[in-house]
Amino acid sequence: MILSPVQIAGIGMTSQRTRNRMMDRLRDRGIENERVLETMASVPRHLFVDEAMATRAYEDSALPIGDGQTISQPYVVARMTEVLLEEGPVSKVLEVGTGSGYQAAILSQLVDVVFTVERIRNLYEKSRTRFRALQYRNVHSRHSDGSWGWGANGPYKAIIVTAAPATVPEALLEQLDIGGRMIVPVGNQRSQQTLMVITRTRTGFEQRELNDVKFVPFLSGKS
Ligand code: SAH
């Protein structure tokens, strides 16, 4: 993918003004972390969706990214990111479900290094091209089934899962560091998922429920 300066700068519905409006809406909806808000305004979401969808990129909605998957709604991206950072700075994050690469790009501006895995080859390849073109150099991605996490770089103080499993895979719990937090939508139907924060303690795991959400299903195996 070669991006022209016009595409990168954005025109009309993809301009900086449109992005700033999105930031204001996120603030109105309760996002408080200024660094998260600024990052949401600076990362060009229109370059993470197909060109035909670009004019809708700064609406607060999930959008199709091909292969039956969706880029998450900006509010949900902002909220998950805010919760991930609420206990202080994080140096390393594992994301399961790269999709378009948007959530990873947001995180890359707020942490030292992002590891992200995607099970669908086509999405993995497209997101990689974006990371390169937009120079998100601290994002490392891999085509694999995230049920197994990415053990070689673990344990992690922060794990974010952007597809909904019915139950949290054991390997992901194991790769969570003591004191580490995982944000994951749990539920086996699109209409019944709850965003959970799971914290690993010295003796086990604690969990807290946030709001109800709608994510694509977490599936095993690669395609
Ligand atoms: N974070 C993404 C959201 C994409 S939707 C973004 O910002 O665009 C969730 C993604 O999770 C889909 O691309 C889907 O293919 C992927 N996914 C689902 N189950 C997975 C698994 N077991 N391992 C890796 N990726 C998975």
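## Nonpolar cores

In this predicted model, the largest nonpolar core has 50 residues, and Leu26, Met40, Phe48, Val93, Tyr102 and Tyr136 touch the most other members. A nonpolar core is a set of buried Ala, Val, Leu, Ile, Met, Phe, Trp, Tyr and Cys residues joined through side-chain atoms within 4.5 Å. Buried means under 20% relative accessible area, exposed over 50%, and partly exposed in between, with a 1.4 Å probe and protein chains only. Helix α4, residues 74-85, gives the most to this core, with eight residues. A second, separate core of 21 residues includes Val113, Trp150, Leu172 and Leu173. In soluble globular proteins, nonpolar side chains tend to be buried together.

Leaving aside residues up to four places away in sequence, Leu26 touches Ile31, Leu37, Met40, Pro74, Tyr75 and Ala78. Contact here means heavy atoms within 4.5 Å.

## Basis of the values

Residues are numbered from 1 along each chain as its sequence is written, and side-chain values use heavy atoms, with hydrogens and water left out. As the model is predicted, local features need pLDDT of at least 70 and side-chain atom pairs count only at pLDDT 80 or more, whereas totals for chains, interfaces and linings use all residues. Helices (H or I, at least four residues) and strands (E, at least two) are DSSP runs, numbered from the N terminus.

## Helix α6

The 13 residues of α6 should span 18 Å at 1.5 Å a residue, and the end C-alpha atoms are 18 Å apart, which agrees. The expected span is 1.5 Å times one less than the number of residues in the helix.

Leu123, Tyr124, Ser127, Arg130 and Phe131 are the buried residues of α6. Seen down the helix axis, these buried residues fall within an arc of 130°, so they line one face of α6. The arc is that of the directions from the helix axis to the C-beta atoms. An α-helix has 3.6 residues a turn, so residues three or four places apart point the same way. The cover over the buried residues of α6 includes β1, β2, α5 (102-108), β4 (113-118) and β5.

Strand β7 (residues 176-189) runs parallel to β6, and four bridges join them. Two strands pair if DSSP finds at least two bridges between them. Opposite Ala158 stands Arg181 in β7. Strand β8 (residues 192-200) runs antiparallel to β7, with seven bridges between them. Val184 has Met196 in β8 as its bridge partner.

Leu195 is placed in β8 and is buried, with a relative accessible area of 1%. Apart from residues up to four places away in sequence, Leu195 touches Met80, Ile183, Val184, Pro185, Arg208, Glu209, Leu210, Asn211 and Val213. Leu195 and Glu209 are 14 residues apart in sequence, and their C-alpha atoms are 6.1 Å apart in space.

## Backbone in the loops

Asp67, with phi near 55°, lies in the loop between β1 (63-66) and β2 (69-71). Asp67 counts as partly exposed because its relative accessibility is 40%. Gln135 is not a glycine either, and has a positive phi of about 60°. Gln135 follows α6 and is found in the loop between α6 (121-133) and β5.

The peptide bond from Gly154 to Pro155 is cis, with omega near -5°. Pro155 lies in the loop between β5 (139-143) and β6 (156-161).
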